[in-house]
Amino acid sequence: MLVSKILSSRTWVLLDGLRQWRPACSLHIQICLLQQQVKSWQRILSTSCAKCAKNERLKQKRAISEKKLTRYFVDHRRVCVIGGHGGQGITSFHSEPRKEFGGPDGGNGGDGGHVILKADQQIKSLASVLPLYRGFDGERGRSKNCYGANGGYTYIKVPVGTLVKEDGKIVSDLTQHGEEYVAAYGGTGGKGNQFFLSNENRAPMTATLGESGQKRVLYLELKTMAHAGLVGFPNAGKSSLLRAISNAKPAVAPYPFTTLNPHVGIVHYQDYEQVAVADVPGIIRGAHLNRGLGLAFLKHIEHCRFLLFVVDLSVSEPWIQLQDLKYELEQYEEGLSKRPHAVIGNKMDLPQSKANLLLLKERVEQRVIPLSALTGDNLEELLLHLRDMYDAYVTTEQSRRQNPVKW
């Protein structure tokens, strides 16, 4: 019974012809024909089996490179928000048996839905925010004085501590979990002809359309991108250092400007405290003059509470790197280079770095932490000092009666 279902009528005719043609054809031709028929049966059976079909789909998938899999951090976004369009009112008159002049009964249209920004402590980046949001439209009115339904609200989840700007002015500051801000109001629904009923006009034929929703262009910006920001010149080893102290996987390559977008890694401690460290793209000389993408990179540093200057000890005169970095920060924003910071001497695994370390300590007043992100040497000292800077930040915020940003 099962064989008869699998084989079609055309197949049975073919087999019957082979049986009658057996004396005329050779054994080799019969075997080839049977092999082709068996392959067609296997192809039919494999598509009906879910497990076989899944295996075929998995074979077609291509491996994605690690650079494409990484998700970078977004701390500012331009968003266009449009409220929902109001529903139109209708013109209708009541009609039922033995009631010839029932009067107007056209209902009003529903109001358009609002677009609302909502702070959520589970969201840490603006990467999921789309460039355009449109509210739901209200439904049109109905007869028998039935109003149209209002359009639903459209919620945009943003991180806690998001600044909402319009034309360069701050219009909202979302600092608490669950706090909302109406970014765009929906349009008012149109009026049905029942609304225009009066003693002078007992049979109005007028109905209005719904209003358009509010349209605004807003700029979302995070006050705090991360607790600590890795600041340094290109190819100083910032991405390798972030890989060594956290689970973040930024791209690493032996050429400058490997990192074009910031990456944030989380450093976990035994008391369940979490410190966010951001890998900021490399700064070049003249960044405050917007050379390259200087202003965009410096803007990321502005959103960090304390800084970690990463200096390449393998180059000659590494203290000049530190001076240039502080100069660029100070030219961009006064006082930015004076934030709590530490100096990290990277690439200690290279032979010329030890001699440059002694010269750097003589010319720098701040504490210098020598380490190697490649081999992992002396990372414990960095993690302990990073925790001390984080505790100082929390104490300072609490003394100001403000809530410190926590991950």
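Author: Ala, Val, Leu, Ile, Met, Phe, Trp, Tyr, Cys and Pro count as nonpolar; Asp, Glu, Lys and Arg count as charged; the others, Gly among them, count as polar. The model discussed here is predicted.

Reader: What makes up the lining of the largest pocket, by class?

Author: Sorted that way, the lining has 12 nonpolar, nine polar and seven charged residues. The pocket holds about 870 Å³ of space. It is lined by 28 residues, and Thr 224, Tyr 393, Asn 403, Pro 404 and Val 405 are the closest to its centre.

Reader: What makes a residue count as lining, and which element gives the most?

Author: A lining residue has an atom within 4 Å of a pocket point. Helix α10 gives the most, with five residues. Both β12 (304-312) and α10 (379-399) supply at least two.

Reader: Why are α6 and α10 given the orientation they have?

Author: Helix α6 (residues 238-245) packs against α10 at about 85°, with the axes 11 Å apart. Angles from 65 to 115 degrees count as roughly perpendicular. The two helices are therefore roughly perpendicular to each other.

Reader: Which residues make that contact?

Author: From α6 come Leu 241, Ala 244 and Ile 245; from α10 come Leu 379, Leu 382 and Leu 383. By class, the contact has six nonpolar, no polar and no charged residues.

Reader: How do you know where to be careful with the coordinates?

Author: Where pLDDT is low, predicted coordinates should not be read in detail. The protein averages a pLDDT of 79, and 76% of the residues score at least 70. Residues 21-25 fall below 50, with two contacts beyond near neighbours in sequence. Residues 63-70 are also below 50, with seven such contacts.

Key: Residues numbered from 1 in each chain as written. Predicted model: local features only at pLDDT ≥ 70, side-chain atom pairs only at ≥ 80, totals over all residues. Heavy atoms only, no water. 1 Å grid on protein atoms, 1.4 Å probe; cavity = no way out; pocket = protein on both sides within 12 Å on 5 of 7 lines; lining within 4 Å. Points joined across faces, edges and corners; volume = space filled by probe spheres on them. Helix = DSSP H or I, 4+ residues; strand = E, 2+ residues; numbered from the N terminus. Axes fitted to C-alpha atoms, helices over the stretch in contact; angles between N-to-C directions. Parallel < 35°, antiparallel > 145°, perpendicular 65-115°, else oblique. Contact = heavy atoms within 4.5 Å. pLDDT = per-residue confidence, 0-100.
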